[in-house]
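Dear colleague,

Here is the structure I promised to hand over to you. Please open it beside this email, and then read the notes below.

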Amino acid sequence: IGDGSLLTNISGANVSTVDESKTVVKTVIAGEDLVKGDAVYISGGTGDNPEVSKADADDSAKMPVFGVTTEAVTATNTTNIVIYGLLESYDTTGFTTGDSLFVSTTAGALTTTKPTGESALLQTVGKVIKGNSSGGKITITGAGRTNATPNLNDGDVFVGNASNQSIARALAINDLSDGTSFGNQNLGLGAS
């Protein structure tokens, strides 16, 4: 089973293992003009091929990233995206081998800097395998999901709301048990 070979006759079906050294690609329809290396999200589609457009960490409707384009393509044409694995011959000028890549607040772009502010979603898309090269390589590993814990602005906290979901807002004295103490610690604050 561990040798990666095809298995047969398990409940009458053929089962195969995934070779982790392989790259997983998906054929998609470009929802807009795209260049090689654009981070894209599913923006629509019909049939077997989803439509993709440039992802943007500042716009939750344009997240999460589904994959990264393998070539330049004009709107309405089909192309492939890497969902998992290597994107080769990619311009990694300015990136260093080992850098983590995040979805940028610039549509379609990848960045080594985590976006900041509560409006920006965080998604690590992959790592630079061969940096600072016009023939660079990146590995895509984080397509399809954003981080569960988002950014939090300075001075804000996560608080549960009536729907048992976390919301971000400034800490208020009434958030504490009786407005003046928290646990065994007297905060020296008057109730408001």
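S104 is buried, with a relative accessible area of 9% (buried means under 20%, exposed over 50% and partly exposed in between, using a 1.4 Å probe and protein chains only). This is a predicted model, in which local features need pLDDT of at least 70 and side-chain atom pairs count only at pLDDT 80 or more, while totals for chains, interfaces and linings use all residues. Residues are numbered from 1 along each chain as its sequence is written, and side-chain values use heavy atoms, with hydrogens and water left out.

S104 sits in the loop between β8 (100-103) and β9 (110-111), where strands are DSSP runs of E with at least two residues, numbered from the N terminus. Leaving aside residues up to four places away in sequence, S104 touches D56, A57, A109, L110 and T111, a contact being heavy atoms within 4.5 Å.

**Strands and a salt bridge**

Strand β3 (residues 24-30) is joined to strand β7 (residues 78-90) by six bridges, and the two run antiparallel; strands count as paired if DSSP finds at least two bridges between them. Within this pairing, I29 has T78 in β7 as its bridge partner. β3 also pairs with strand β5 (residues 49-54), in the parallel sense and over two bridges, with A30 opposite V52 in β5.

K137 forms a salt bridge with E88, their closest N and O atoms being 3.5 Å apart (the rule asks for a side-chain nitrogen of Lys or Arg within 4 Å of a carboxyl oxygen of Asp or Glu). K137 lies in strand β11 (residues 136-140) and E88 in strand β7, so the pair ties together parts that are 49 residues apart in sequence.

Best wishes

Terms used:
Helix = DSSP H or I, 4+ residues; strand = E, 2+ residues; numbered from the N terminus.
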